[in-house]
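Hi,

Here is the structure I promised to pass on to you.

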Amino acid sequence: MGKGLISVRDLNKEEIILLRSLFEDFKRGRKESLEGHCAFLFLESSTRTRLSFEKACNLLNLRSYYLGPKESSIEKGESFGDTLKTLQALGFRVVIFRVPFVLFPYQQYLEEPISLINAGDGTHQHPTQGLIDLFTALEAYGKVEGLKVLFVGDILHSRVFRSSAYLFKLFGARLGVCGPKTLIPLDLSPFDVDMVFDDLDSAIEWADLCIWLRLQEERFKEQFIPSKESYFLQFGLTKERHERLKGYFMHPGPVNVYVDIESQILYSDKSLVLRQVENGVYVRMAVLYWVLTNG
Ligand code: CP
């Protein structure tokens with residue numbers, strides 16, 4: 001049975017602390033050679049997740065092989081499970097996958113003697129992005145216990161929210177969400193959210209750290225907002241709101257400028273957006289190393 005990472009809910013605190021220590025070591029330049037072959041099964045597009053995983057593989061001496069959207073035999077009807085068996089028969093040690101569907105339940109896949117790493121499945125989980133967000137906040141603030149962390153935007157469709165919010169809460173943060181009522185899940189109980197705002201200006205006053213999320217129109221099954229222009233006016237990070245931020249802001253990317261955030265402030269001194277991207281390589285090295293060596 002291969003060890004894997006499909007959901008952050010399968011990680012305990014000790015494992016996350018170990019992953020953070022590996023992340024810090026790799027960021028400081030630790031060298032390791034794992035050897036072996038790693039398959040990328042990406043049925044959705046990606047810039048930062050794909051390239052940071054590829055770079056992480058290279059730095060760990062793992063050879064990577066990429067199958068992009070519309071390139072695998074899943075297009076011809078082969079199931080995800082049979083695809084994993086095929087990749088295993090081809091001799092791969094690890095499969096890093098990004099898929100448009102929710103992989104749940106997934107325990108059956110972890111029975112396979114191959115390691116699985118989730119790079120984003122539908123609206124379910126994006127565990128390495130969650131770790132990036134937590135570790136980047138820990139770098140910037142020292143600790144997140146008691147930190148008021150506000151998620152803004154399309155909470156309903158966000159797999160990043162489902163991973164990041166869980167991790168922040170596990171480490172003692174207070175959670176707030178703000179967005180159109182249509183884009184906030186009816187049941188927030190799995191996330192133990194402390195505050196729900198429909199007014200962004202009050203939410204910003206409350207928050208120590210704000211995390212904007214992308215409006216995921218590709219997942220919209222109906223019209224959730226009247227227009228992108230009105231959404232930006234109500235929930236976007238404008239220059240004026242940026243002045244009033246008490247702390248940093250983050251965004252997992254990709255950013256839709258003038259929908260999520262005004263372009264001139266995207267890389268301001270309050271922005272951790274590029275730090276999140278940079279940290280992605282070291283988080284993914286840590287996860288690959290942990291999965292393949294048991295820490
Ligand atoms: N944050 C994130 O998953 O970005 P990509 O879609 O570019 O990989």
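Helices (H or I, at least four residues) and strands (E, at least two) are DSSP runs, numbered from the N terminus. This is a predicted model, where local features need pLDDT of at least 70 and side-chain atom pairs count only at pLDDT 80 or more, while totals for chains, interfaces and linings use all residues. Residues are numbered from 1 along each chain as its sequence is written, and side-chain values use heavy atoms, with hydrogens and water left out.

Let's start with Gln125, which lies in the loop between strand 4 (115–121) and helix 5 (127–141). Gln125 has a relative accessible area of 2%, so it counts as buried (under 20% relative accessible area, with a 1.4 Å probe and protein chains only). Its side chain makes a polar contact of 2.8 Å with that of Ser163 (a pair of N or O atoms within 3.5 Å; within protein, one must be able to donate a hydrogen and the other to accept it, and residues adjacent in sequence count only if both atoms are side-chain atoms). Leaving aside neighbours within four places in sequence, Gln125 is in contact (heavy atoms within 4.5 Å) with residues including Ile6, Asn118 and Arg159.

Next, find Ala165 in helix 6 (residues 159–170). Ala165 is buried too, with a relative accessible area of 0%. Beyond neighbours within four places in sequence, Ala165 is in contact with Phe151, Val160 and Leu175. Pro190 is 25 residues away from Ala165 along the chain, and their C-alpha atoms are separated by 9.9 Å.

Enjoy exploring!

Note on methods. Buried means under 20% relative accessible area, exposed over 50%, partly exposed in between (1.4 Å probe, protein chains only).
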